[in-house]
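Colleague: Please take a close look at one part of this model, the strand pairing near the end of the numbering. Then set it beside the rest of the chain.

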Amino acid sequence: MSYLKPKLHHPGLPTNALGLTRFDYDGAVSTLCAGCGHDSISAAIIQACFEIDLPPHRLAKLSGIGCSSKTPTYFVGASHGFNSVHGRMPSVLTGANLANRDLVYLGVSGDGDTASIGLGQFVHAVRRGVNMLYIVENNGVYGLTKGQFSATADQGSKSKRGAVNTDAPIDVVSLALQAGASFVARGFSGDKSQLVPLIKAGLKHRGAAFIDCLSPCVAFNNHAGSTKSFDYVRDHNAALNRLDVMPPRAQITADYAPGEAQDVTLHDGSTVILRKVGAEHPVGDRVAAMNYLQERQAEGEIVTGLIYLDPEADDLHAHLGTVETPLAHLGTGDLCPGSAALEAINASLR
Ligand SMILES: Cc1ncc(C[n+]2csc(CCOP(=O)(O)OP(=O)(O)O)c2C)c(N)n1
Ligand code: SF4
Ligand SMILES: [Mg+2]
């Protein structure tokens, strides 16, 4: 098997505003199982970065440990990447973001990485409003360590060998809402047309953006009795809305009947057009979102789409009042107040 991708492409391939083709956003060849949902999410990330004209060198990809956390190697190779320790991606991302606010931060994690060992890290990064898009590639199992139930596995669901999960699940969408995320969505790796715009909007959002992306593990959790299989998710998917994301100053020509679509302007002037396809639910109401999720869940439905959005949200830098210049770009003259100032501080503490 060759791990090199051919560099020659048709000269007529579509390019984005930077003159780059979709292939310029590729990464290394995936070593995941053929058919793994995670590979579809990588393809959706590539498409989204291409479509929003993101310069590859402005993307910082961070992950933990797991099949899902391996995936940043498989997209946008010309970006910054850091594969951290199991469950520790959020704190490493927070530190990187504080040092250089000029990059676009994408955290990729698994349900094991986020909802077990990394649970504390996850909620704290979200509650601080770190400017990032955090994606959980949720398959209900620890794929990399051979298919043990994870904390997101539904009570009563069955493992491949027939064992029944007796523990109650953690719903990471409800948790993100409760922790204060200002953009909360759920996607499905099998529905790229819904997922790509969710990723585009999440990358453009200022503040903590979170997407729980159901991503079936074909090796260990795609059988009858699983609630994270392709068939189960397709059968129980209650899509709430579909999105279009328009760049700043783009003329919006789509024609929607009154009440069918809602425009939301993001901080960079982009517009998110939300087309309602499911039940009535106001995306700007956090409490309504929590209630809606619980109600649908009780009916056995899996809500997908953009569930909550606060387009006015601030991020951690605004909360802390940090300087505009990335810390990484400040010189010694900016960082060192000088011995007289230090002496005054020391004197004030004696
Ligand atoms: C500190 C530590 N504990 C345990 C492990 C073993 N381990 C590796 S990946 C993993 C779980 C991966 O599950 P998930 O995050 O859901 O990713 P998936 O493989 O399902 O995509 C575990 C427990 C580890 N690498 N490091
Ligand atoms: S074990 Fe599961 S999660 Fe890991 S690569 Fe294979 S299908 Fe994907
Ligand atoms: Mg998993």
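Modeller: Two strands pair if DSSP finds at least two bridges between them. Helices (H or I, at least four residues) and strands (E, at least two) are DSSP runs, numbered from the N terminus. The model is predicted, so local features need pLDDT of at least 70 and side-chain atom pairs count only at pLDDT 80 or more, while totals for chains, interfaces and linings use all residues. Residues are numbered from 1 along each chain as its sequence is written, and chains are lettered from A and ligands numbered from 1 in the order in which they are written.

Now the pair itself. Strands β11 (residues 261-265) and β12 (residues 271-276) run antiparallel, joined over five bridges. Aspartate 263 has isoleucine 273 of β12 as its bridge partner. Five residues separate the strands of this hairpin, and glycine 269 there has a positive phi near 90°.

Aspartate 53 has a value of about 55°. Aspartate 53 sits in the loop between α1 (37-51) and β1. A residue is buried with 20 or more other C-beta atoms within 10 Å of its own, exposed with 12 or fewer, and partly exposed in between, with C-beta atoms placed from the backbone. Aspartate 53 has 13 such neighbours, so it counts as partly exposed. Lysine 146 has phi near 85°. Its loop runs between β5 (141-142) and β6 (148-149). Lysine 146 is exposed, because 10 other C-beta atoms lie within 10 Å.

Next, a helix. In α3 (residues 89-99), the buried residues are Met89, Pro90, Leu93, Thr94 and Asn97. They span an arc of only 130° around the axis, so they lie on the same side of α3. That arc is taken from the directions from the helix axis to the C-beta atoms. Their cover includes β1 (59-63), β3 (104-110), α4 (111-117), α5 (119-127) and β4 (132-138). Contact here means C-beta atoms, placed from the backbone, within 7 Å.

Last, ligand 2. Among the residues around it are Cys33, Cys36, Cys67 and Cys217. A residue is near a molecule if its C-beta atom, placed from the backbone, lies within 6 Å of it. The shell holds nine nonpolar, three polar and no charged residues. Nonpolar covers Ala, Val, Leu, Ile, Met, Phe, Trp, Tyr, Cys and Pro; charged covers Asp, Glu, Lys and Arg; the others, Gly among them, are polar.

Key
Two residues are in contact if their C-beta atoms, placed from the backbone, lie within 7 Å.
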